[in-house]
Amino acid sequence: MPKYRILLTGSAGAVGKAISPALIASGHYVRGFDIVKTPNLEDSHVGSVSDMKAIDNAMDSMDTLIHLGAEPNDCDFMTRLLPSNIVGTYNVMDSAKRHKLRRVILASSMQVVSGLWKKNDLPMKIEHGTAPVNHYGVTKIFAEALGQMYSINFGLSVIAVRIGWFTRTPKEAQQMASSEWSQNIFLSHNDACRYFINAVEAENITFIILPATSKCKTRQMFDLEPARQAIGYEPQDTFPEGLPFKIN
Ligand SMILES: NC(=O)c1ccc[n+]([C@@H]2O[C@H](COP(=O)([O-])OP(=O)(O)OC[C@H]3O[C@@H](n4cnc5c(N)ncnc54)[C@H](O)[C@@H]3O)[C@@H](O)[C@H]2O)c1
């Protein structure tokens, strides 16, 4: 019997494709959900998170949600961020509540604090607050707040994960190679797998926001101690370790 039955939105995306085999190898069942076909999962649904019926259908018989399906960068608010990141996040949270899920893991972003870099001493801590510099960052603060509200009001166990920079392609990794600053917010593919497995399996979580990076190259940007304590996450990679591709 698989340990947990996970609905993974954004399963055809970079993070989704990286973590799904690792979750399965850890004994979990994974059902994908994405607006495009998911290549590497036997069980996957094609649909938009903005469609509540499609989400309800995919949530059936699941006990855990990893919600990655979203616009992953700043873009037009009304036509793209609103349906995918705002309505979509409402839909998955409300469906998770009605399906009585045991755990929800929401993809947030370091971009919720982009406006704080110059004001705070490093490493940055969750208690430093938020300061978005674009609409995308605002949608991720919405996701964090919605997760907290569903935890307080409806008892859902929610982890909002502020992902650093998970380089999706060799080209992105190449960009990172030329920026020491970026290497300090690197999240390797292998550390991401370890992170999400731990987030699924951790016990005794009501609501928590946690950062997700690998080991910093030169300077600790984010305080990873809360992730160690809450889910037992120990980063193992330093850029460019833990990538599935070579960079020049
Ligand atoms: N990669 C990073 O560095 C990074 C950093 C911070 C946060 N994140 C967050 O992590 C998540 C995954 O990012 P990624 O890097 O894998 O991006 P990605 O673009 O590779 O994957 C996102 C996936 O979501 C799907 N999607 C988009 N809109 C959808 C909708 N309306 N309905 C269903 N599926 C939809 C896309 O088809 C895609 O497969 C996103 O929520 C992103 O905001 C990523």
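Contact means heavy atoms within 4.5 Å. Helices (H or I, at least four residues) and strands (E, at least two) are DSSP runs, numbered from the N terminus. The model is predicted: local features need pLDDT of at least 70, side-chain atom pairs count only at pLDDT 80 or more, and totals for chains, interfaces and linings use all residues. Residues are numbered from 1 along each chain as its sequence is written, and side-chain values use heavy atoms, with hydrogens and water left out.

**View 1. The whole protein chain.** The chain holds 8 helices and 7 strands. Its radius of gyration is 17 Å, close to the 18 Å that the globule rule gives for 248 residues, so the chain is as compact as a globular protein of that length. That radius is taken over C-alpha atoms; the rule is 2.2 Å times the number of residues to the power 0.38. The C-alpha trace spans about 45 × 40 × 35 Å along its principal axes. Buried residues account for 53% of the 248. Here buried means under 20% relative accessible area, exposed over 50%, and partly exposed in between (1.4 Å probe, protein chains only).

**View 2. The buried face of helix α5.** Helix α5 covers residues 170-177, and its buried residues are E172, A173 and M176. Seen down the helix axis, they fall within an arc of 100 degrees, so they line one face of α5. The arc is that of the directions from the helix axis to the C-beta atoms. These buried residues pack against α6 (180-183).

**View 3. A58 and its contacts.** A58 sits in helix α2 (residues 52-59). Its relative accessibility is 0%, so A58 counts as buried. Neighbours within four places in sequence aside, A58 is in contact with L7, R31, F33 and H45. T169 is 111 residues from A58 in sequence, and their C-alpha atoms are 29 Å apart.

**View 4. Two cis peptide bonds.** The bond from L122 to P123 is cis, with omega near 0 degrees. P123 belongs to the loop between β5 (103-109) and α4 (135-154). The bond from F239 to P240 is also cis, with omega near 5 degrees. P240 lies in the segment after α8 (225-231).

View 5. S61 is not a glycine, yet its phi is positive, near 70 degrees. S61 is in the loop between α2 and β4 (64-67), and at 43% relative accessibility it counts as partly exposed. N204, also not a glycine, has a positive phi of about 60 degrees. N204 lies in the loop between α7 (189-201) and β7 (207-212). At 78% relative accessibility, N204 counts as exposed.
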